[in-house]
Amino acid sequence: MTFGARLRAAVADRGPFCVGIDPHAALLRDWGYDDDVAGLERFALGAVEAVAPHCSIVKPQSAFYERFGSRGVAVLERVIAESRAAGALVLLDIKRGDIGSTSQAYADAYLDPASPLASDAVTVSPFLGFGSLQPFVDTALKFDAGLFVLAATSNKEGPEVQEAVTDGRSVSGTMLDHLRRLNADATPLGSFGAVVGATLEDDRGLDLAFNGPILAPGYGEQGGTTADIRRIFGASAGNVLASSSRGVLRLGPDAAAMREAVLRTNDELRALQG
Ligand SMILES: O=C(O)c1cc(=O)[nH]c(=O)n1[C@@H]1O[C@H](COP(=O)(O)O)[C@@H](O)[C@H]1O
């Protein structure tokens, strides 16, 4: 089953809220843990236990694990395994992108089921040119995995690059055109998604009907709301995964509070599914 099909089924079952498992140093301390590998492990696995049974998809950000070296990456491997065991898809947030031959190595690391870090999907950065991501695309197709390509990010610095215009198209628009092509014949939903922030003022004139999932980070902590999802994404809101990390993790280590927030947010966002 393709990633797009698995995601569609998971969202129908649990809702479209994506929770980021981002063990910030400050949050570890807020939870009463030391900022070390033991604290990282308790935090990350505690968050997974609280939210993963109630989410269609979780999004660990690799950097928060990498900062502890190999032992942190070992924790990330467990986060991936435990999330999947709880029935959640895993979108590993790596935002990688490089020349093609190196992209292949990244794709092998994160999408090949033989790798200990294999995930259902990854975030990728297309700013070496969309074609440099071809090894990710081929590997995703081979293993029924998915990609989320940065298009219009949630941070205020993004437009300098993403709204640059070549041949009458913004960079963001060009990325969505590539995704439209990749998803053209897919049913019920393509496996090649875009990242479009929940913090945008409007849809920037983007044609969001590219038959793929849209990851909308910036929900919660960065100010994005359900009303913003409706406003920005309009008719495509049904394909949006609103994503929040700190907004949920701040409620910990109280597992019931995190769980309730996930269930409530999924209910709120389901109303956008049409
Ligand atoms: O790809 C992402 O997930 C991402 C893209 C983007 O445009 N903005 C963005 O904030 N993110 C990630 O989404 C998460 C946001 O975290 P919170 O601001 O705590 O909800 C972090 O893991 C970011 O790295």
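Start at Lys-95: if you skip its neighbours within four places in sequence, Lys-95 is in contact with Thr-123, Val-124, Ser-125 and Leu-150. Keep in mind as you look around that this is a predicted model. Lys-95 sits in strand β3, which covers residues 89-96. Is Lys-95 buried, exposed or partly exposed? There are 16 other C-beta atoms within 10 Å of it, so Lys-95 comes out as partly exposed; a buried residue would need 20 or more, and an exposed one 12 or fewer.

The same record also has something to say about a longer stretch. UniProt lists residues 16-261 for "domain: Orotidine 5'-phosphate decarboxylase", again from an unreviewed entry. Follow that stretch from end to end and you'll find its end C-alpha atoms 13 Å apart. Of the span, 40% is helix and 19% is strand.

Now for a pair of helices. Two packed helices are described by the angle between their axes and the distance between the axes. Take α6, residues 100-111, and α7, residues 134-143: their axes come within 7 Å and cross at roughly 30°. That angle makes α6 roughly parallel to α7, because anything under 35 degrees counts as roughly parallel. As for handedness, α6 passes α7 in a right-handed crossing.

Which residues do the meeting? From α6 come Gly-100, Ser-103, Gln-104, Ala-107, Asp-108 and Leu-111. Facing them from α7 are Gln-134, Pro-135, Phe-136, Thr-139, Ala-140 and Phe-143. Sorted by class, the contact of α6 with α7 has six nonpolar, five polar and one charged residues.

While you're on helix α6, have a look at Ala-105, which is also found there. Ala-105 has 12 C-beta neighbours inside 10 Å, so it counts as exposed. In sequence, Ala-105 and Pro-135 are 30 residues apart, yet C-alpha to C-alpha they are 8.6 Å apart in space.

Next, the backbone. Most residues other than glycine have a negative phi, and most peptide bonds are trans. A few spots here go the other way. Where are the cis bonds? One runs from Thr-187 to Pro-188, with omega near 0°, and Pro-188 lies in the loop between α9 (171-182) and β8 (192-196). Another runs from Gly-252 to Pro-253, with omega near 5°. Pro-253 is in the loop that links α11 (246-249) and α12 (255-270).

Then there's phi. Arg-204 isn't a glycine, but its phi is positive at about 50°. You'll find Arg-204 in the loop between β8 and β9, the latter being residues 214-217. With 17 other C-beta atoms within 10 Å, Arg-204 is partly exposed. The loop between β8 and β9 also holds Asn-211, another non-glycine with a positive phi, this one about 60°. And how exposed is Asn-211? It has 19 other C-beta atoms within 10 Å, so it is partly exposed; the cut-off for buried is 20 or more.

Note on methods
Residues are numbered from 1 along each chain as its sequence is written. This is a predicted model: local features need pLDDT of at least 70, side-chain atom pairs count only at pLDDT 80 or more; totals for chains, interfaces and linings use all residues. Axes are lines fitted to C-alpha atoms, for helices over the stretch in contact, and angles run from 0 to 180 degrees between N-to-C directions. Helices (H or I, at least four residues) and strands (E, at least two) are DSSP runs, numbered from the N terminus. Angles under 35 degrees count as roughly parallel, over 145 as roughly antiparallel, 65 to 115 as roughly perpendicular and the rest as oblique. A crossing is left-handed if the near helix is turned anticlockwise from the far one by less than a right angle, and right-handed if clockwise. Two residues are in contact if their C-beta atoms, placed from the backbone, lie within 7 Å. Ala, Val, Leu, Ile, Met, Phe, Trp, Tyr, Cys and Pro count as nonpolar, Asp, Glu, Lys and Arg as charged, and the others, Gly among them, as polar. UniProt positions are given in the numbering used here, feature names are shortened, and annotations may be inferred rather than shown by experiment.
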